Amino acid sequence: MVTSVTSLGRNGLYDWLIQRVSAVVIAVYVIGMVGYLICNSDLDYATWSAFMGSVPMRIANTLMLFSVAAHTWIGLWSVTTDYLTSLTFGKAATSVRLVGQMAIALLLLVYILWGLLTIWGGA
Amino acid sequence: MKVSIYRYNPDTDREPTMKEYEVDTQGKDLMVLDILALVKEQDESLAYRRSCREGVCGSDGMNINGKNGLACITPLSEVAPGVKEGKKPLVLRPLPGLPVIRDLVVDMGVFYEQYEKVQPYLQNDQPAPAIERLQTPEDRAKLDGLYECILCACCSTSCPSFWWNPEKFLGPAALLQSYRFLADSRDNATEERLSRLDDPFSLFRCHGIMNCVSVCPKGLNPTRAIGHIRSMLLERGV
Ligand code: SF4
Ligand code: SF4
Ligand code: FES
């Protein structure tokens with residue numbers, strides 16, 4: 001049985017909402033980016049760099065970064081609490097799950113910090 | 001025709017086995033439960049539950065060629081093409097995800113515990129009127145598609161979310177009953193009921209897989225009921 005609750009919103013409703021909102025952000029970003037790339041097929045480094053360096057794009061990238069991290073965390077948290085349980089791991093389940101969740105959290109944390117540095121670092 | 005049945009007696013068997021039987025249906029489109037009766041004539045040791053044999057008691061839920069259903073109202077012709085004609089075997093297993101007591105009989109304990117958690121009875125703290133609490137026909141109509149559940153467990157035991165977390169995720173059957181009381185105009189414990197559902201497991205483990213809808217022998221739609229509860233939680237929470 002899964003007992004340790006380590007969800008993001010600590011409440012099913014907020015997790016669910018964050019999941020939907022972040023999905024919308026990711027969808028809009030991806031569609032926008034694909035649109036931009038299609039319209040600018042002869043893209044060179046200077047244009048790309050100026051585009052990504054603009055403040056609106058930095059904000060969009062930051063939003064995207066946090067959305068991906070939150071979405072991944074909630075999704076993978078669900079997966080770990082579905083599959084890394086006593087049904088598959090017996091008594092070791094809680095430790096296995098916690099280690100798994102910590103690895104995911106650490107990875108996402110590094111990803112966020114690295115992302116923020118990339119987006120805002122050159123400012 | 002060939003019938004293959006899951007057999008397991010925890011007192012004598014080390015592990016479950018599938019046992020083959022040969023049954024003569026005389027070409028008739030019998031119900032799966034009739035086939036079980038014919039098998040039982042050959043082999044008295046076979047254990048299964050049944051009572052009403054007409055789809056109202058909910059005791060003979062089982063997994064029939066991979067799909068949960070009530071044996072008593074599932075004709076051979078509906079199991080899979082070729083089963084009635086004897087070209088394909090009929091394969092019977094217990095409901096998935098629950099501990100097997102013996103053969104096709106499962107321990108429904110955790111299923112009933114989840115049912116109990118939704119407090120499936122009317123709660124109203126207003127003084128009771130002299131005769132009874134009346135309901136308009138419109139309010140009564142809101143309970144259609146909810147009250148008909150016979151607690152056969154076909155839905156919950158086909159739900160992957162229930163398989164993985166049967167103690168924490170209420171499962172489609174209990175959630176359908178939860179909404180049955182949330183939707184009842186005579187019940188005013190809405191807030192208490194909702195407050196018990198907004199953790200990450202009880203309701204939100206439902207990922208809309210809709211296995212529950214496809215197996216319910218009464219044609220009910222737990223996924224829709226879960227959606228209604230989610231909207232109520234959303235309205236309450238934001
Ligand atoms: S909702 Fe349908 S499948 Fe589920 S327990 Fe009730 S009658 Fe059975
Ligand atoms: S819709 Fe929800 S309750 Fe129904 S089978 Fe899917 S996850 Fe389970
Ligand atoms: S025997 Fe009662 S539902 Fe099948």
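Me: How many residues of chain A are in contact with residues of chain B?
Reply: Happy to start there: this is a predicted model, where local features need pLDDT of at least 70, side-chain atom pairs count only at pLDDT 80 or more, and totals for chains, interfaces and linings use all residues. Residues are numbered from 1 along each chain as written, chains are lettered from A and ligands numbered from 1 in the order written, and side-chain values use heavy atoms, without hydrogens and water. Taking contact as heavy atoms within 4.5 Å, 17 residues of chain B meet a chain A set numbering 18 residues.

Me: Which side chains meet in a salt bridge between chain A and chain B?
Reply: The rule asks for a side-chain nitrogen of Lys or Arg within 4 Å of a carboxyl oxygen of Asp or Glu. It finds one such pair across this interface. At 2.9 Å, N to O, the partners are Arg205(B) and Asp82(A).

Me: Which residue class has 10 members on the side of chain A that touches chain B?
Reply: Ala, Val, Leu, Ile, Met, Phe, Trp, Tyr, Cys and Pro count as nonpolar, Asp, Glu, Lys and Arg as charged, and the others, Gly among them, as polar. That side of chain A has one charged and seven polar residues, and the class with 10 is nonpolar.

Me: How many charged residues are in the shell around ligand 1?
Reply: Counting residues with a heavy atom within 4 Å of the ligand, the shell includes Cys149(B), Leu176(B) and Lys218(B). By class, 11 are nonpolar and no residue is polar, which leaves the charged count at one.
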